[in-house]
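Keep the viewer open as you read.

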Amino acid sequence: MKTKKKILMALAIACCAILLVVGSVAATVAYLTDKDVVTNTFTVGNVAITLDEAPVDAQGKATTGDRVKENEYHLVPNGTYDKDPTITVAANSDECYLFVKVVNPLAAVEGATTIAGQLDAKGWDVLDAENGIYAYEAKVAKSTTVTKVVLFEKVTIGEKVTNEELAELTGDIVITAYAVQTAGFDTAAEAWNETFGAPANP
C-alpha cells in the first residue's frame, strides 16, 4: 500500500513538473510580426505670372517708380520710345512654358528696330504669325526666386513716316501673357493647343 502511494505521489509530482514546464514554455512563446506604413503626401501645383513695364515720361523715356500696366506715348516720325513689357514668373511656380499674344497696330510704321525682330532676338518663337502669338523657346524652371523674361525694349517709328500716316493709326499695342505647366506636354505648341484650343482663339 505504501508502495502504491509512493508511486501515485511520484506520478503527481511528475505531472506537476510537466505542467510547470509546459506553462513556462507557453509563457515565453512569441509570434513573429512586422509592420510597415507608406504615406503619400500630395501637394498642389502652381503657376503664377504677372506682366508689367517701366513707367515713361512725356517723351516716352523710362523713369523710376513702380512698374505699370500701361503707358501713353506721343508718336512722331523717327521717334524711339522705351517700352519693356516683362513677364515675372512667381517664386516656386512649377516649370512652365510662356506665351504672349502681341497686337501691334504700329507694325506698318515701325522703324528698323521692330517689335517682332526684338521678340525673335530675345528667344520668342512665332507660334501663330497671323494672330501674333509667340512661345518662349526655353522652359522656365521652378525656382525659389522670381524669374523675369523680357519681351522687347523699345518701339521705333520710321523716319519717312508722315504725320498723316500716324494720325490714321488706331488702337493700342496690347500684350497678353500666358503660362502653362510643362508637365504632360512635350512641346510648347502642344501645351498651347491643348490648353487654349487653337492658336487663333487664345
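Asp-128 has Ile-133 of β6 as its bridge partner. The two strands involved, β5 and β6 (residues 133-136), run antiparallel and are joined by four bridges. Strands count as paired here if DSSP finds at least two bridges between them, and the elements themselves are DSSP runs, numbered from the N terminus: helices are H or I with at least four residues, strands are E with at least two.

A word on what you are looking at: this is a predicted model, in which local features need pLDDT of at least 70 and side-chain atom pairs count only at pLDDT 80 or more, while totals for chains, interfaces and linings use all residues. Residues are numbered from 1 along each chain as its sequence is written, and side-chain values use heavy atoms, with hydrogens and water left out.

Now follow the pairing further. β5 and β6 belong to an open sheet of four strands, ordered β5-β6-β4-β9, with antiparallel pairing. Where does this sheet end? Its edges are β5 (124-128) and β9 (174-181); each has a single partner strand, so one side of each is left without a neighbour in the sheet. On average, neighbouring strands here are turned by 30° against each other, direction ignored; the axes behind that angle are lines fitted to C-alpha atoms, for helices over the stretch in contact, and angles run from 0 to 180 degrees between N-to-C directions.

Stepping back, the protein chain has four helices and nine strands. Read from the N terminus, their order is α-β-β-β-β-α-β-β-β-β-α-β-α. The chain has 202 residues, of which 29% are buried; buried means under 20% relative accessible area, exposed over 50%, and partly exposed in between, with a 1.4 Å probe and protein chains only. Of the contacts between residues at least 6 apart in sequence, 72% join residues at least 24 apart, where a contact means heavy atoms within 4.5 Å.

β3 pairs with β1 (residues 49-52) in the antiparallel sense over four bridges, with Ile-49 opposite Val-89. β3 is also joined by four bridges to β7 (residues 147-150), again running antiparallel, and there Ile-87 stands opposite Val-149.

Move on into the loop between β3 (86-89) and β4 (96-103), where you will find Ala-91. Which residues does Ala-91 touch, leaving aside those up to four places away in sequence? They are Ser-143, Thr-144, Thr-145 and Val-146. Ala-91 and Thr-145 are 54 residues apart in sequence, yet their C-alpha atoms are 4.5 Å apart in space. Ala-91 is partly exposed, with a relative accessible area of 28%.

Side chains of opposite charge can pair when their charged atoms come close. The structure holds five salt bridges, each defined as a side-chain nitrogen of Lys or Arg within 4 Å of a carboxyl oxygen of Asp or Glu. One of them joins Lys-83 and Glu-53, with the closest N and O atoms 3.0 Å apart. Lys-83 sits in the loop between β2 (80-82) and β3, and Glu-53 in the loop between β1 and β2, so the pair ties together parts that are 30 residues apart in sequence. Both Lys-83 and Glu-53 are buried.

A further salt bridge connects Asp-94 and Lys-142 at 3.8 Å, N to O. This pair links distant parts of the chain, 48 residues apart: Asp-94 is in the loop between β3 and β4, and Lys-142 in the loop between β6 and β7. Are these two residues buried or exposed? Asp-94 is partly exposed at 26% relative accessibility, whereas Lys-142 is exposed at 52%.
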